Amino acid sequence: MPRTRHRFPVEGPLDLSLTFTCGQAFRWRLEEGAWSGVVGGALWRASTDARGLVVDVDGADPGAEVVHRYFRLDQPPERFLAQAEELRALPGFAALLGLRLLRQEPWETLASFLCSAASNVRKISGGVEGMAAAWGDPVRGTDRRAFPSPSALAGAEERDLRALGIGFRAPYVLGAARRVAARDWSWEALRRAPIEEARTTLRTLPGVGPKIADCVLLFGLDRLDTYPVDRWIRRATMELTASTRARDEDLERWSLRLGPGRGYLQQILFHLRRTGGPLPALAAARPVGRERRRRSA
DNA sequence: CCACGGCCTGATTC
DNA sequence: AGAATCAGGCCGT
């Protein structure tokens, strides 16, 4: 079986464990000391050594450039911190800079996050892996399968999807697969569209609201100028700004100050809040949204 | 515009 | 133990 080894020097910290388990991707697992995951039609095995990142590919090799881009090695973390001096100083923040935002395939990202509503990483992974097992093409030389195409999934029966444990999300995945498989759907157009237009288009898909639309843009369409507001980010941002009555929309507007790389910061804040508990208010904190006016004396 | 309950299901909590 | 309760939302009312 074909196997290709790619090596890359890495600028800045890289923490594969954090990167694969932080909840942006769902098909990576630790096996025999290396992280292995299916990307496209091949099995990748990733590890680090003193010289940087090592990726062994089983199956059709996509080429070094594709692997390099997948790991976003062209954009080291430092690049995203220019407008986030205050966040850098948060306890525990610096240790998370090894988290890298992957560039994933948009359809797989969409299907995965459709399964994320009121769920958790473990359960989402089960659903995603189950879809691959049932409708994906085998990866030669391995026991795993590629994530199925929209048209492959569009032909599935809802009960078979439900059998994977994704529950009420099954019709969303099916409906979205059918729409995306249609001729008039274009991921490339979405990549180039103004951000609001892209969000609006994504939200026409069943099961896609503001949060999932932003996740697809952030993780699947290389749009780091998004700030998906979920439960955890809501809490984190409210605490950072000392707010009590902010709407998601207000929190998102606040995030604009974090700059065009705010999506990366969002993922770090997500992990920080989820694993570390409440965050301290920033020095310059000012409540956002519909706070009651302080009565003047 | 806002608030609320329902939705599958499995893990955690009481 | 067996019954609530809760999860990285969305949708309809």
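**Exercise 1. Where do Asp-250 and Arg-253 lie, and how many residues apart are they?**

Solution. Asp-250 and Arg-253 both sit in helix α13, three residues apart, about one turn of the helix. This is a predicted model. Next, check the contact: the two residues form a salt bridge, with the closest N and O atoms 3.5 Å apart. The cut-off is 4 Å, so the pair qualifies. Now the surroundings. Asp-250 is buried at 4% relative accessible area, whereas Arg-253 is partly exposed at 47%. Elsewhere, salt bridges that share partners join Arg-27, Arg-29, Glu-31, Glu-129 and Arg-144 into one network.

**Exercise 2. Find the salt bridge between Asp-248 and Arg-234, and state which helices it links.**

Solution. Start with the distance: the side chains meet at 2.8 Å, N to O. Then place the residues. Asp-248 is in helix α13 (residues 248-254) and Arg-234 in helix α12 (residues 231-241), 14 residues apart. Finally, accessibility: Asp-248 is partly exposed at 37%, and Arg-234 is partly exposed at 27%.

**Exercise 3. Explain what the pair Arg-88 and Glu-78 ties together.**

Solution. Their side chains form a salt bridge at 3.1 Å, N to O. Arg-88 lies in helix α3 (residues 85-88), and Glu-78 lies in the loop between α2 (64-70) and α3, so the pair ties together parts ten residues apart in sequence. Arg-88 is partly exposed, at 32% relative accessibility.

Terms used. Residues numbered from 1 in each chain as written. Chains lettered and ligands numbered in written order. Predicted model: local features only at pLDDT ≥ 70, side-chain atom pairs only at ≥ 80, totals over all residues. Heavy atoms only, no water. Helix = DSSP H or I, 4+ residues; strand = E, 2+ residues; numbered from the N terminus. Buried < 20%, exposed > 50% of the residue type's maximum accessible area, 1.4 Å probe, protein only.
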